[in-house]
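This briefing is written for a first look at a protein chain. Please keep the sequence and the 3D view open while you read.

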Amino acid sequence: MTDLSLTPNVLQAEVLRHLTFTVGKDAANASLRDWRMALSHAIRDRIVEPWFASTRRTWADQRKRVYYLSMEFLIGRILEDATINLGLYDHAAEAMAAVGLDIAAVIADEPDAALGNGGLGRLAACFMESMATLGCPAYGYGIRYEHGLFRQHFDHGRQIETPENWLAQAHPWEFARPESAYTIGFKGRVETQDGREVWVPGETVIAEAHDTPVIGWQGKWANTLRLWGAKATSQFDLDRFNRGDYTAAAEPETLARTLSRVLYPDDTTYQGKELRLKQEFFLTSAALQDILRRYRSQHSDMAALPAHVAIQMNDTHPAIAGPELVRLLTDEHGLDFDTALATAQACLGYTNHTLLPEALEKWPTCTFGSVLPRHMQIVERIDSWHRRAYPNRPHYVGIVKHQEVRMGELAFIMSHKVNGVSALHTDLVKQTLFPELHRLHPGRIINQTNGVTPRRWLRMANKPLAALISETIGGGWEADLDRLRGLEAHVGDAGFQTAFAAAKRLNKERLAAWTLQNCGVVIRPDAMFDVQIKRIHEYKRQLLNILETIAHWHKVRSNPTGNWVPRVKIFGGKAAPGYAVAKEIIRLINDVAEVVNNDPVTGDLLKIIYPANYNVSMAERVIPASDLSEQISTAGKEASGTGNMKFMMNGAVTIGTMDGANVEILQEVGAENFFLFGLTAEEVTKRREDPDQSKAAIEASQPLMDVLQMIAEGRFSPDDPGRYHALVHRVWHHDYFLVAADFDAYHAAQSAADAAYADPARWGRMAALNTARSGYFSSDRTIRSYMAEVWQATSAL
């Protein structure tokens, strides 16, 4: 709750105290960064008390805790989010104004924490905030990456990756916990001692904790995000140093820090694969040791662990949690194997996020057994136990098959609940991903449709719209998003429509100014802002978007005096460093933008914007200004999506396929407020049976043939006409994601969007109804469902 005794003057005094005694500067010589650090520490002080109180209450009540294991936590900037959740944003703005600073500039100075890549990590961050808002005692466990994924910039349209440097300056929100450190082993051998198996690791590192408090809405509860940094067991070899071998002296520390340097290291080499496996075990083992240490401080019966501990694995990255928990319970705490197995299963839950085979990790048994020899034994024993327990299990089903350890099957078998993240995705998990395991374990797979926190993605990111909502239906909707339905009664009101459009216009003007400053392109705020911002992947079909954009440009160019709706196409997202096709698509988008943006014939009727280094803060700027939300993945490939929910919440209309949570968005908002196109998941499967399907689709579409011909002739790469021959050939002959098959339907849906946008009253109603009907997609709803159906956890509030 907001501290009523805290006035702007009091907060300003606290900022000045921190400026002097924490930052070590006086006001006359303080930089923007110094003021931001001082304000951050003053706000952090206000978080610590509810954080400690929440921890004390959880201990006193012996409440069940939720432990959320994720390789990513894409938390974004913390300062603004914390001030809004504490009710101190206006106070902070006044305090900064008193020293001559704009609060927006102070907030913008904070670097995004480089702890994630895309939807997986942002979902984890939304869930942490919702658990705090709902008073669900929880820890998030991740890795404190020094350099994150990478910082993206473009060189002649090509993606260039350089290290992120978010930790180059002190991170004011975290508390180092050197006392919470655990030894993590790798490799070595397994010995039999006194009749039991003992792992003797050949390598060890130390996992050291860094805690960041996560404050919920109105400051009523706070949880902990605990990130692990890697340190050497012996950090420095003084003898080698004194002999002049300086590099070798620091080698142990260098090798250890490699574990927490980069998110998702390139795994196209054996060394990269081994590093990824080590990272996943490093995170998981440190978390489980920490969980058991905390449990043992109050309880002695390890078999009662599930009554107090719920562990959620966010995708297959932490799937090693099953065998590691069994190892800890048997080898270190003396449980027999069967009891340890049942205990681990009762604690563990698994969230599946993908239907893509390559994303369901599989490790060669030689690699897995070399890096984790004891766990290889345990995995084989789990697999044997499951085969005996379910004699009807088909011979081709199992954890260890074809010299591979299948982490998806391991996560399924070791969990008491497995959930998909949208209704369609959950059905496909049952039908196509784990059909045999589903038949053996009916009821284990359940649905938990994703959600996003409205505090960050509406209240904070879109202040003009948030103010209008509060003015229209009153406050309190931030913690009860279903109340947005109350806006429907006002959608037909001319005054509300004008105010809703004005809020959108203000966001678009701000984005246009930012785009001019950062991209050097002038865009008109009255144009339709048509946006696709997400990780670059073939199934997400940025290629379909840019091909249709070329077709649209070609039409406008052929008749520039026609009654065209002006458009701004906005792209954003990174491609994995080793994903050559995705990087080629990025270059094509940038090459097309270079031609289109400098075309005097089409002028400001069409512009293409691709700002580099897409992150949470960029999303917070772009989404509130968006008119059209591109959710165009191949049906049956997107598990859920959460960007689609953020756009909807902010009054953007979706153009999309029947994929992921688009299905539920369509159900909520109504077909008349959604531009639907494309094949269904069933139709996609059937279409792929025809080896000539892409060729037939192209030959039936003159616009697509024209577009591919322009690209092949070098229209967008005059310095290298053959640059995109391979990409064009891929569309013609290897179009697995059915870009060609869906092109004409997508082209028609874009024309329908143009017609709707040309009628401001119609578009305004569609946009407002998207916001009004977005309540279902709050992450609060999702977390309540997890608490009841997966974790059996209760709120402390």
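Predicted model: local features only at pLDDT ≥ 70, side-chain atom pairs only at ≥ 80, totals over all residues.

In which loop is the place of Q62? Q62 sits in the loop between α2 (32-61) and β1 (65-69).

**Loop residues with a positive phi**

- Q62 is not a glycine, yet its phi is positive, at about 50 degrees.
- The relative accessible area of Q62 is 41%, and this value lies between the 20% and 50% cut-offs, so Q62 counts as partly exposed.
- H402 also has a positive phi, of about 55 degrees, without being a glycine.
- The loop that holds H402 runs between β13 (400-401) and β14 (404-406).
- H402 has a relative accessible area of 62%, and because exposed means over 50%, H402 is classed as exposed.

**Helices α11 and α14**

- Two packed helices are described by the angle between their axes and the distance between the axes.
- For α11 (residues 321-332) and α14 (residues 373-389), the axes come within 9 Å and cross at roughly 100 degrees.
- An angle from 65 to 115 degrees counts as roughly perpendicular, and α11 and α14 are therefore roughly perpendicular to each other.
- On the α11 side, the contact is made by P323, E324, V326, R327, T330 and D331.
- On the α14 side, R374, H375, I378, V379 and I382 meet them.
- Sorted by class, this contact of α11 with α14 has five nonpolar, two polar and four charged residues.

**More on α14**

- α14 has 17 residues.
- From its first C-alpha to its last, α14 reaches 25 Å, close to the 24 Å expected at 1.5 Å a residue.
- The buried residues of α14 are P373, R374, H375, M376, I378, V379, I382, D383 and H386.
- R374, H375, I378, V379 and I382 are among these buried residues, and they are also the α14 residues that meet α11.
- An α-helix has 3.6 residues a turn, so residues three or four places apart point the same way.

**The sheet of β12, β14 and β13**

- Three strands make an open sheet, in the order β12-β14-β13, with antiparallel pairing.
- β12 (362-364) and β13 are at the edges and have a single partner strand each, so one side of each has no neighbour in the sheet.
- Three bridges join β12 and β14 in the antiparallel sense.
- K362 has R406 in β14 as its bridge partner.

Conventions
Residues numbered from 1 in each chain as written. Heavy atoms only, no water. Axes fitted to C-alpha atoms, helices over the stretch in contact; angles between N-to-C directions. Helix = DSSP H or I, 4+ residues; strand = E, 2+ residues; numbered from the N terminus. Parallel < 35°, antiparallel > 145°, perpendicular 65-115°, else oblique. Contact = heavy atoms within 4.5 Å. Nonpolar A, V, L, I, M, F, W, Y, C, P; charged D, E, K, R; others polar. Expected span 1.5 Å × (residues − 1). Buried < 20%, exposed > 50% of the residue type's maximum accessible area, 1.4 Å probe, protein only. Pairing = 2+ DSSP bridges.
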